[in-house]
Amino acid sequence: MRFEVETGRRRRTIEVRRSGGGWTVAMDGRLMSVDFTRVNDRWSMLVRSVEGDQGSNAQASEPSSVHGSSYDIAIESQRQGRHIVHVDGHVVPVTMGVPGRWRSGSDDDGPGATGPVSIVAPMPGRVVKVLVAPGDAVVARQGLVVVEAMKMENELRAPRAGTVADVRVREGAPVDANAVLVVIT
Amino acid sequence: MHKILVANRGEIAVRVVRACRELGLGSVAVFSECDRTARHVRMADEAVAIGGNAPSDSYLRIDRIIDAARATGADAVHPGYGFLSENEDFASACRDAMLTFIGPTPEAVARVGSKTTARQIAASAGVPVVPGTDESFGLDVADADIARAAQRIGYPVLIKAVAGGGGKGMRVVASAADLQGAVRMARSEAGSAFGDSSVYIERCVERPRHLEIQILADHHGTVVPFVERECSIQRRHQKVFEESPSPVADARLRSRLADAAVAVAKAAGYTNAGTVEFLVDAEGGFYFLEVNARLQVEHPVTEMVAGVDIVHWQIRIANGERLTLSSLDTLTPKGHAIECRVYAEDADAGFLPSPGRIVALRTPEGPGIRNDGWVEQGSEIPIFYDSLLSKVIAWGENRSQATARLRRALDEYDISGVRSTLPFSRWLLARPEFAEARFHTNALDELLQQRAGEPFGGLDPSIEEVAAIAACLVEASAATTGLPASNEVRGRQWASGGNLSAAPSTERSWKALARKEGLRG
């Protein structure tokens, strides 16, 4: 199977196929033998470069013949094709694509200079204060709504100047993550 | 004393239930709707539902907690920290219900719980205090009066909750223009955290260090102070790292702080466990800050360097026992301990709270490491309460060994499903300022400002490669086996029918069960 994968600002093409009890992985012209085994809520990952050794060890069937770099992996799957991968406790966001049908970027459009902008709740919480009303003119970074979660109040501000077109919450109301609170045009 | 009701949740409820178990005492947990399956509930012998998710509908409901104690036949109440721990009405209600309150008397709670009265007590005991208002400002006080008081004290000032603690309801105000908004925010936070929105104003001491003395005081007039804890590493007045002994306190400062703490405790008629907090300036001069009339989050640091179980002593003191510790011992540090608080917050997004479900968890272990937590794989971190997930405490023969152990432990610790402050803590621990103990209570905020949002988990390219391969293998495994490959993250929807609604009669049936259990005890 062939994947296109994005981490940080880098895209890579990675090809994987089953090989014995493990996997053969091709990435950036390098060939690796990878043992990838589930251990409760995580994965054990052993990576060994097989380039140049004619796969003699790779064909060995004894699991003890697997050696190389070892990693502790945990994976959170957030949405289709998006994972947060923990490598030895380091947190790496990973976006998957298939060649020709890149999935990233389409559903996360940032606020543009024109057109309506929705201010969404960054986390689930409770609206403690609505600071604007429909029709209000707002300047960039002006406070719009105060949302409380875990006893901390967070003021959500206007990403740019504009006019409040819609206020979709009222004070005291609970909100889910990504709920639209205010729309600015 | 036979059975203790723990009027709290999270890691501290787990901590107290453990102490009950160790002392052969029964334990009763209380819980809000969303905590029905939480760790502390399952650990305790019995559990009682006390209402809805909002603290004001459960963990702050004195009436329901007293009812729960009666229903289960508990004869004592441990309040933990936060919630009702420093509420004199709660301490009184316990006494009126013939329940032993594991903490100071309601009168002492009231005396030191009011930050303004506590300042007067300290001053009368000959302990220096930070300049500030003698009166508190309730909701009925006009903004203009507050502005006048702030002007008199001189900017920058600190707005603090009279009933406060733990940095909640606290705001720094640099100039008069920001005062009104800061007072509103502080009152609102204080009101929801402590049920009292009164605030007072204090001069902001420039670049102070925060040192504090843990005390234990029995009902027979003995007050024992412990080696100081230093808690100068704070983010917006929330302690991040705590350690003992302080890297800067010499024997003379230690004994002066200990004497001052004992004087304050005696003047306040204080009993049980408490902490007297001080600000220490660059010249080694110190000011009384406040008394925390409760068990503190960072108590394990003292437990590790003193070799004493503070919660055991709280229970024994409440039971009328005499302290048998000598201050000669308790003021001599045995090694060094450092605590790191781990929160469900996304440090890379301005420390935004990160509620959700823990899908995978690996906790630190090994030599010198203690992890006081409450979350497990599958735990739902609710939006309604403090975001503390656990505290990692490292003990070493000296500060550098304790630091090395803490670093190793934080590297072992991995929390998936919510963002945690672990990457931030690892970064902070690796800073030269930490190794050299060069900090004051604003130092971390200044450091963070300099970073201007640069991510904490700076990644090695090889780590990114491994992550990319792992993601492919997970998808490929799922495609070839048809099994769910990874841990699906689906946070609970709190607004839209997210209530963990069990059978409608849950509360009644739990209480009935608890009552039955109570008869057995």
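**Ground rules.** I am reading a predicted model, in which local features need pLDDT of at least 70 and side-chain atom pairs count only at pLDDT 80 or more, while totals for chains, interfaces and linings use all residues. Residues are numbered from 1 along each chain as its sequence is written, and chains are lettered from A, with ligands numbered from 1, in the order in which they are written.

**The sheet in chain A.** I traced strand β14 (residues 162–167) of chain A and found three bridges to strand β16 (residues 180–184) of chain A, the two running antiparallel. Strands here are DSSP runs of E with at least two residues, helices are runs of H or I with at least four, and both are numbered from the N terminus; two strands pair if DSSP finds at least two bridges between them. Both strands belong to an open, antiparallel sheet of four strands in chain A, with the order β9-β16-β14-β11. At its edges I noted β9 (117–120) and β11 (137–138) of chain A, each with a single partner strand, so one side of each has no neighbour in the sheet.

**Where the chains meet.** I found 53 residues of chain A and 51 residues of chain B in the contact, where two residues count as touching if their C-beta atoms, placed from the backbone, lie within 7 Å. On the side of chain A that touches chain B, strand β6 (residues 69–79) of chain A gives the largest share, seven residues.

**The cores.** I then looked at the largest nonpolar core, which has 161 residues, and saw that V77(B), V264(B) and A470(B) touch the most other members. Such a core is a set of buried Ala, Val, Leu, Ile, Met, Phe, Trp, Tyr and Cys residues joined through C-beta atoms within 7 Å, buried meaning that 20 or more other C-beta atoms lie within 10 Å of a residue's own. Helix α17 (residues 461–481) of chain B gives the most to this core, with eleven residues. Leaving out residues up to four places away in sequence, I listed W43(A), M45(A), I73(A), I75(A) and V85(A) as touched by A470(B).

**Confidence.** For chain B I noted an average pLDDT (the predictor's confidence in each residue, from 0 to 100) of 90, with 92% of the residues at 70 or above. Over residues 496–521 of chain B, however, the pLDDT is below 50. Where pLDDT is low, the predicted coordinates should not be read in detail. For the complex, the predictor gives an ipTM of 0.80 and a pTM of 0.82.

How values were computed
A residue is buried if 20 or more other C-beta atoms lie within 10 Å of its own, exposed if 12 or fewer, and partly exposed in between; C-beta atoms are placed from the backbone.
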